[in-house]
Amino acid sequence: MASSPGRNLEDSLVHLGLSQTTVRLFGTRRDHSNHRMAELNRELDLSTSIANYPGLSIFATGSYARGEASIHSDVDLFFINDCLSGEVVNPNLRQIKVMSDVIKATEGKLGFPAPSNDGEFLKVMTVAEILKDLGGREDDYKNHFTARMLLLLESSPVMGEDAYRSVIDTVIGSYLRDYEDHVKDFRPTFIVNDIIRFWKTLCLNYEHKRNQEEDARKIKQKIRNFKLGYSRLMTCFATVGLLSSYKQITKEDLVSICRMPPIERLLLLAERQPLVKGHLIQALQQYHWFLEKTENTTTDLESYFSDRNNRTEAFTHASKFGDAIYHVVYTSATQSETLRYLVV
């Protein structure tokens with residue numbers, strides 16, 4: 001965590017300059033996320049299928065990994081085999097058994113919503129697969145790009161901590177091909193470019209889906225766009241902003257940063273670049289509004305977004321959040337003289 005020693009998240013946010021009233025919701029969401037993930041860990045720890053799957057790591061992404069989940073949040077899980085334990089015998093059958101136990105635990109015992117996209121992402125990938133097409137045209141098509149980015153930008157291990165650490169280490173290593181030749185002045189340009197590519201891919205994917213949707217589903221797409229302009233923007237550019245504050249960086253720095261939730265990256269950035277604090281406070285005040293709004297049920301959110309005036313209000317807030325994050329990144333990169341690498 002980036003919080004100073006002895007400080008929890010709420011104390012760190014107050015120290016930054018936010019009010020006690022504002023930070024309380026951040027702390028409540030963090031506590032709820034940790035509690036539910038601990039419950040999930042205990043349930044999955046009973047699974048012999050997971051225990052007997054060599055090299056398997058299960059990690060959460062989304063609101064639970066960011067420490068922002070509400071009682072209405074679903075849980076997004078990814079499954080990666082670190083491939084360090086040899087070839088998996090009967091991988092298809094093992095995978096079916098693992099997914100069965102995961103669904104029983106999440107939907108059945110813990111009452112999480114059903115997996116998104118009809119369980120499309122309930123499959124075990126290998127670290128070799130998510131690196132094979134890095135930067136290539138097949139990268140996103142096979143969902144490897146998304147898995148790799150979410151692993152680095154907003155992930156939290158639920159099972160298989162050792163395998164998770166191994167995967168993080170291997171994936172980051174793939175972005176450091178030139179590190180040994182530039183130890184004293186290595187810039188994380190490759191990984192920053194991939195993060196920006198991920199953000200732009202998310203935006204393009206949204207536009208594509210919006211063009212394909214019927215009128216009856218357009219409200220759902222507006223809600224997705226609203227969340228894109230907050231949580232996904234936060235995830236991507238908290239990381240870009242922090243990495244832009246480094247004129248040189250080590251592999252250990254990158255591993256540590258990737259193990260932090262996005263808000264912790266922003267707090268670390270404020271320590272490294274104090275000039276961002278004013279803009280960061282504005283951004284987190286807007287993010288607090290977003291967290292309040294997303295405490296509602298899906299039905300309530302759809303009702304809210306069905307009103308044009310409400311949509312205007314929501315996207316006005318999102319625009320202010322985006323402006324504040326832009327100024328955070330711009331200030332960080334300008335002070336560190338790394339802005340040129342974000343633009344050209």
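Both R148 and D194 are buried, where buried denotes under 20% relative accessible area, exposed over 50%, and partly exposed in between (1.4 Å probe, protein chains only). The model is predicted, and local features therefore need pLDDT of at least 70, side-chain atom pairs count only at pLDDT 80 or more, and totals for chains, interfaces and linings use all residues. Residues are numbered from 1 along each chain as its sequence is written, and side-chain values use heavy atoms, with hydrogens and water left out.

The side chains of R148 and D194 form a salt bridge with an N to O distance of 3.0 Å, the term requiring a side-chain nitrogen of Lys or Arg within 4 Å of a carboxyl oxygen of Asp or Glu. Because R148 belongs to helix α7 and D194 to helix α9 (residues 189–212), this pair ties together parts that are 46 residues apart in sequence. Helices (H or I, at least four residues) and strands (E, at least two) are DSSP runs, numbered from the N terminus.

In total, 15 salt bridges are present in the structure. A salt bridge also connects the side chains of R66 and E154 (3.0 Å, N to O). Distant parts of the chain are linked by this pair, with R66 in helix α4 (residues 62–66) and E154 in the loop between α7 (144–153) and β4 (156–159), 88 residues apart. R66 counts as buried at 8% relative accessibility, and E154 counts as buried at 1%.

E43 counts as partly exposed, with 23% relative accessibility, whereas K109, at 61%, counts as exposed.

Burial was also examined along helix α14. In this helix (residues 298–305), the buried residues are L301, Y304 and F305. These residues lie on the same side of α14 because they cover an arc of only 90° around the axis, the arc being that of the directions from the helix axis to the C-beta atoms. T299 and S303 are exposed on the other side of α14. The buried residues of α14 pack against α10 (218–243), α13 (277–293) and α15 (308–336), contact being defined as heavy atoms within 4.5 Å.
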